[in-house]
Amino acid sequence: MSKTARDSSMNDAKNFTALVIDDTAIIRKIEEMLLNSKGFKTKVVENGQEAVNTFIEGNFFDVIIMDMEMPIMDGIQKATKELRAMGVKGLIFGVTSSELKSDIQAFVEAGLDEYFPKPLDFVKIDDILKRLEK
């Protein structure tokens, strides 16, 4: 049975935090709303450099939702690798509209825990919750 926005079979996030990184304002807002509706405390930033700076400032997040293609510092070659090199242990979920297997593979190899095709939805958020609750 497919999960919908009204399906309450999945527990909401309990004190989980999430960082959303995407250069498109509407995508950031939608992902923030989805995560907040499931109980996440969410912060949003526009690019990978802002994400790295957020961790340098001493912040921690249980979940990082990372767009693949962004200006300044992209999700593949820079931000994900940099965060892992800094010792960031939170789950990093990559999201992209790209369907190129080579792009997706490079993104995963950069240090993702999992990849999701855009758009993020309630079913994918529930998958994230399952990973956190293990």
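Residues are numbered from 1 along each chain as its sequence is written. In this predicted model, local features need pLDDT of at least 70 and side-chain atom pairs count only at pLDDT 80 or more, while totals for chains, interfaces and linings use all residues; side-chain values use heavy atoms, with hydrogens and water left out.

**Exercise 1. Determine how β1 and β2 pair, and the handedness of the crossover that links them.**

Step 1. Helices (H or I, at least four residues) and strands (E, at least two) are DSSP runs, numbered from the N terminus. On that basis β1 spans residues 17–21 and β2 spans residues 41–45.

Step 2. Two strands pair if DSSP finds at least two bridges between them. β1 and β2 have five bridges, in the parallel sense. Within this pair, A18 is opposite T42.

Step 3. Between these strands the chain passes through helix α1 (residues 25–37), and the β-α-β crossover is right-handed. The term applies if, with the strands pointing away from the viewer, the path from the first strand over the helix to the second runs clockwise.

**Exercise 2. Locate β3 among its neighbouring strands and state whether β3 is enclosed or open.**

Step 1. β1 and β3 run parallel and are joined by four bridges, with I21 opposite M66.

Step 2. β3 also pairs with β4 (residues 91–96), again in the parallel sense, over five bridges. Here D67 is opposite V95. The chain gets from β3 to β4 through α3, in a right-handed β-α-β crossover.

Step 3. Buried means under 20% relative accessible area, exposed over 50%, and partly exposed in between (1.4 Å probe, protein chains only). V63, I65 and D67 are buried on one side of β3, and I64 and M66 on the other. Five of the five residues of β3 are buried, so the strand is largely enclosed by the rest of the structure.

**Exercise 3. Describe the surroundings of D67.**

Step 1. An unreviewed UniProt entry annotates D67 as "modified residue: 4-aspartylphosphate". Such annotations may be inferred rather than shown by experiment; positions are in the numbering used here and feature names are shortened.

Step 2. D67 lies in β3 and is buried, with a relative accessible area of 4%.

Step 3. Contact means heavy atoms within 4.5 Å. Not counting residues up to four places away in sequence, D67 touches I21, D22, D23, G75, V95, T96, F107 and K118.

**Exercise 4. Find which residues of α2 are buried and how they are arranged around the axis.**

Step 1. In α2 (residues 48–56), the buried residues are G48, A51, V52, T54 and F55. They cover an arc of only 155 degrees, which puts them on the same side of α2. The arc is that of the directions from the helix axis to the C-beta atoms.

Step 2. An α-helix has 3.6 residues a turn, so residues three or four places apart point the same way.

Step 3. The cover over the buried residues of α2 includes β1, β2, β3 (63–67) and α3 (75–85).

Step 4. Consider T54 in α2. T54 counts as buried at 4% relative accessibility. Leaving aside neighbours within four places in sequence, T54 contacts K43, V45, N59 and F61. A polar atom of the T54 side chain lies 2.8 Å from the backbone oxygen of E50.

Step 5. Now take the ends. At the start of α2, a side-chain oxygen of N47 comes within 3.0 Å of the backbone nitrogen of Q49. After α2 comes G58, with a positive phi near 100 degrees.

How values were computed
A polar contact is a pair of N or O atoms within 3.5 Å; within protein, one must be able to donate a hydrogen and the other to accept it, and residues adjacent in sequence count only if both atoms are side-chain atoms.
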